[in-house]
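Here are some friendly notes to read alongside the model. Keep the 3D view open and look up each residue as you meet its name.

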Amino acid sequence: FGRLNLQVGEAYDLRQALSEFGATREADATAQNAGILQLAYRIVHEIAMLSPVTPTGLVSTALLLTGEQRVHRDTVIALVHWLTPRLRAHNATFTRALVAPTAAKGEQEPEADLLDVREDALDQALSRLVGEKAIRLEADAPAPLYDLVEDRRVSLGYYRNGIINFLVAESVVARAVLATEAEEPGRIDTAVVRRRARFLSRVWKYEFVFKVGDSFDDIFDATLDRLAGRSVDRDGEELRIVEAGRADLELSALLLQDYFEAYRIAVITLTALLDGPIGRKALVRRMRDDAIKAHSQGELVRRESSNRITFDNAVAALLDLGVVEETVGRKRHGTPVALTPGYHDGIELTRLLDRLNRLRFQDHPSATYDPAAAREAPEA
């Protein structure tokens with residue numbers, strides 16, 4: 001049936017943890033609720049950081065990362081070798097099935113923390129995905145070639161999501177760097193990159209959880225330091241992309257490409273609200289329908305972008321950003337949602353879409369890397 005992986009985090013006292021966030025018995029209801037929410041975010045982040053890296057998670061990430069419909073096995077393996085040092089840099093835990101060598105009969109398996117991934121474990125994961133009909137193995141191809149089943153790409157995204165939490169910050173910063181360079185070749189203003197990365201982190205606030213207590217600026221600077229020398233050079237308040245590391249930046253940015261496409265479609269769909277409120281459930285369905293239509297017309301690259309849960313989170317984020325608001329009315333299709341007064345004329349909505357469009361670093365995003373170079377990528 002598979003394997004069950006159990007990871008246990010460090011225990012701490014609940015009352016003390018709540019107190020640290022201001023949720024004491026003496027605090028008012030507002031402070032208590034805020035403290036409970038902060039603790040909830042802390043727990044969710046800790047769960048994400050304890051989630052083990054599995055063979056299925058790695059190959060699913062590699063299969064979706066390229067943006068292509070058909071992916072060679074060599075490409076999958078190369079991308080796994082690109083992913084693993086970056087995950088290790090964030091202290092991700094790799095399952096023993098992925099890294100432990102097969103021990104001889106009667107011998108104990110050695111500790112596996114510093115060992116390389118096993119390609120046979122990756123092949124087993126690929127075979128399992130074939131069995132689940134998430135991918136198809138091309139029978140006539142001279143080398144193993146996998147065809148992604150369109151309506152099963154979301155299931156690959158489910159496996160992948162256990163991994164991308166480790167790499168969200170790098171993906172956000174990489175996209176901001178590439179988008180800024182596209183507008184200002186040769187000169188990348190760090191302040192502009194910071195502003196765009198902050199915007200994306202706010203837009204995706206319901207998708208990913210960062211460590212509670214760390215400010216955005218702390219996370220941004222630490223991420224930029226991690227990329228320095230590998231993908232970018234930093235000179236004061238200016239950045240320059242290291243050409244040898246450009247593919248590294250592109251791959252990092254593409255990790256969250258389906259989320260970018262989904263949220264862009266979500267904002268486009270909001271133009272329907274110019275004619276009046278729409279029930280929240282109906283609005284989410286319309287966003288998904290628009291995404292499926294855009295994909296069929298070639299305007300949207302990734303079928304996994306049409307995920308209902310992602311659009312539901314997008315509406316929640318747009319509510320927080322003050323773009324839309326819930327109103328009174330019939331709730332047959334969910335609580336009615338309308339544009340806030342500042343967005344009634346559509347001008348600010350166009351500006352919001354323009355901010356997202358500026359973060360499209362490629363018209364047709366796909367990996368532009370050398371698999372051999374990816375395999376030989378330096379340790380993060």
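Are Trp 204 and Tyr 263 buried or exposed? Trp 204 is buried, and Tyr 263 is buried too. Please keep in mind throughout that this is a predicted model.

1. **Aromatic pairs.** The count of aromatic pairs comes to five. One to look up is Trp 204 with Tyr 263: the ring centres are 6.5 Å apart and the planes stand at 80°, so this pair is edge-to-face, as planes over 60 degrees apart are counted that way. Trp 204 belongs to the loop between helix H9 (190–203) and H10, while Tyr 263 belongs to helix H12, so the pair ties together parts 59 residues apart in sequence.

2. **A second pair between these parts.** Next, find Phe 208 and Tyr 259. Their ring centres lie 5.1 Å apart with planes at 70°, so this pair is edge-to-face. Phe 208 is in the loop between H9 and H10 and Tyr 259 is in helix H12, which makes this a link between distant parts of the chain, 51 residues apart. Phe 208 counts as buried because its relative accessibility is 6%, and Tyr 259 counts as buried because its value is 6%. Together, Trp 204, Phe 208, Tyr 259 and Tyr 263 make up one aromatic cluster.

3. **Charges over rings.** Now look for two arginines. The charged end of Arg 42 sits over the ring of Tyr 12, at 3.8 Å from the ring centre. Arg 88 has its charged end over the ring of Phe 94, at 4.3 Å from the centre of that ring.

4. **The largest pocket.** This pocket holds about 1100 Å³ of space. Its lining has 44 residues, and those nearest the centre are Thr 54, Tyr 158, Tyr 159, Arg 160 and Gly 162. Which helix gives the largest share of this lining? That is H7, with 10 residues. Other helices supplying at least two residues each include H2 (29–50), H3 (55–65) and H12 (257–269). By type, the lining has 20 nonpolar, 15 polar and nine charged residues.

5. **The second largest pocket.** Here the volume is about 730 Å³. Of its 25 lining residues, His 45, Met 49, His 90, Lys 211 and Asp 214 lie nearest the centre. H2, helix H8 (168–183) and helix H10 (216–227) each give at least two residues to the lining. The lining residues divide into 12 nonpolar, six polar and seven charged.

Definitions and conventions
Residues are numbered from 1 along each chain as its sequence is written. This is a predicted model: local features need pLDDT of at least 70, side-chain atom pairs count only at pLDDT 80 or more; totals for chains, interfaces and linings use all residues. Side-chain values use heavy atoms; hydrogens and water are left out. On a 1 Å grid over the protein atoms alone, a cavity is a set of points where a 1.4 Å probe fits but cannot get out, and a pocket is an open set with protein on both sides within 12 Å along at least five of seven lines; lining residues have an atom within 4 Å of a point. Grid points are joined across faces, edges and corners, and a volume is the space filled by probe spheres set on the points. Helices (H or I, at least four residues) and strands (E, at least two) are DSSP runs, numbered from the N terminus. Ala, Val, Leu, Ile, Met, Phe, Trp, Tyr, Cys and Pro count as nonpolar, Asp, Glu, Lys and Arg as charged, and the others, Gly among them, as polar. Rings of Phe, Tyr and Trp (its six-membered ring) pair if their centres lie within 6.5 Å; planes under 30 degrees apart count as stacked, over 60 as edge-to-face and the rest as tilted. Buried means under 20% relative accessible area, exposed over 50%, partly exposed in between (1.4 Å probe, protein chains only). A charge sits over a ring if NZ of Lys or CZ of Arg is within 6 Å of the ring centre and within 35 degrees of the ring normal.
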